[in-house]
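Welcome, and please have a look at the structure below. A short tour of some of its features follows.

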Amino acid sequence: MRLQNGGFELRFVSSRCYGYLAAGWAAAFAGLHFFWALGGQVGLDVSSGKRLASERPAWFVAGGLWGVGLMCLVGAAVAIGLQRRGVHGHRWRVLRWLGVAICVLLLVRGLLVEALLIAGVSAVGEVSAAQKFWTLALWNPWFILGGLLFGLAARGFGKGMASRAPERAAVIH
């Protein structure tokens, strides 16, 4: 998108914003898990269930809170990496596929759990009314949003600088 204001040209590359938004999404999710891992209670019972929230078994704190928080930080690093422009090669393809994989994982998780809860499938276990409400209203839409952001960031990865190189060369000469 180009905006001109009295001869001043401002470029806004929306595809780069998706990576920053995905990184922010992942960092916020990591922060929430670290808050819970350090003993925070707000929202944990409606996210994981009352039993896990009250008992806090070691495996849950280590893997479900600290582990997920660390994985979210890795996701934030991938999202920041997806902001590079005009890149090619094997390592960059791996980074792009990581972004696509995160997208798919988040979308499948969000949409599948949403569908199972709406359909009332008993395979999801015993879910309290409050947990079902917050999962449908907050958690699953949050996963879906993250998946869309990672997907859009991966889609726009590597574009931009390569396509603008001829334009810059013409301006310099």
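**Leucine 44 and its neighbours**

Contact here means heavy atoms within 4.5 Å. By that rule, and leaving aside residues up to four places away in sequence, leucine 44 touches Trp36, Gly49, Ala53, Arg56, Phe60 and Leu65.

**About the model**

This is a predicted model, in which local features need pLDDT of at least 70 and side-chain atom pairs count only at pLDDT 80 or more, while totals for chains, interfaces and linings use all residues. Residues are numbered from 1 along each chain as its sequence is written, and side-chain values use heavy atoms, with hydrogens and water left out.

**The nonpolar core**

A nonpolar core is a set of buried Ala, Val, Leu, Ile, Met, Phe, Trp, Tyr and Cys residues joined through side-chain atoms within 4.5 Å; buried means under 20% relative accessible area, exposed over 50%, partly exposed in between (1.4 Å probe, protein chains only). The largest such core has 33 residues, and those with the most contacts inside it include Leu44, Trp25 and Phe150. The helices α1 (14-37), α2 (44-48), α3 (50-55), α4 (58-81), α5 and α6 (129-156) each supply at least two of its residues. The largest share, 9 residues, comes from α1. Helices are DSSP runs (H or I, at least four residues), numbered from the N terminus.

**Glutamate 114**

Glutamate 114 sits in helix α5 (residues 90-119). Apart from residues up to four places away in sequence, glutamate 114 touches Thr135, Leu136, Asn140 and Pro141.

**Helix α6**

Among the buried residues of α6 are Thr135, Trp139, Asn140 and Phe150.
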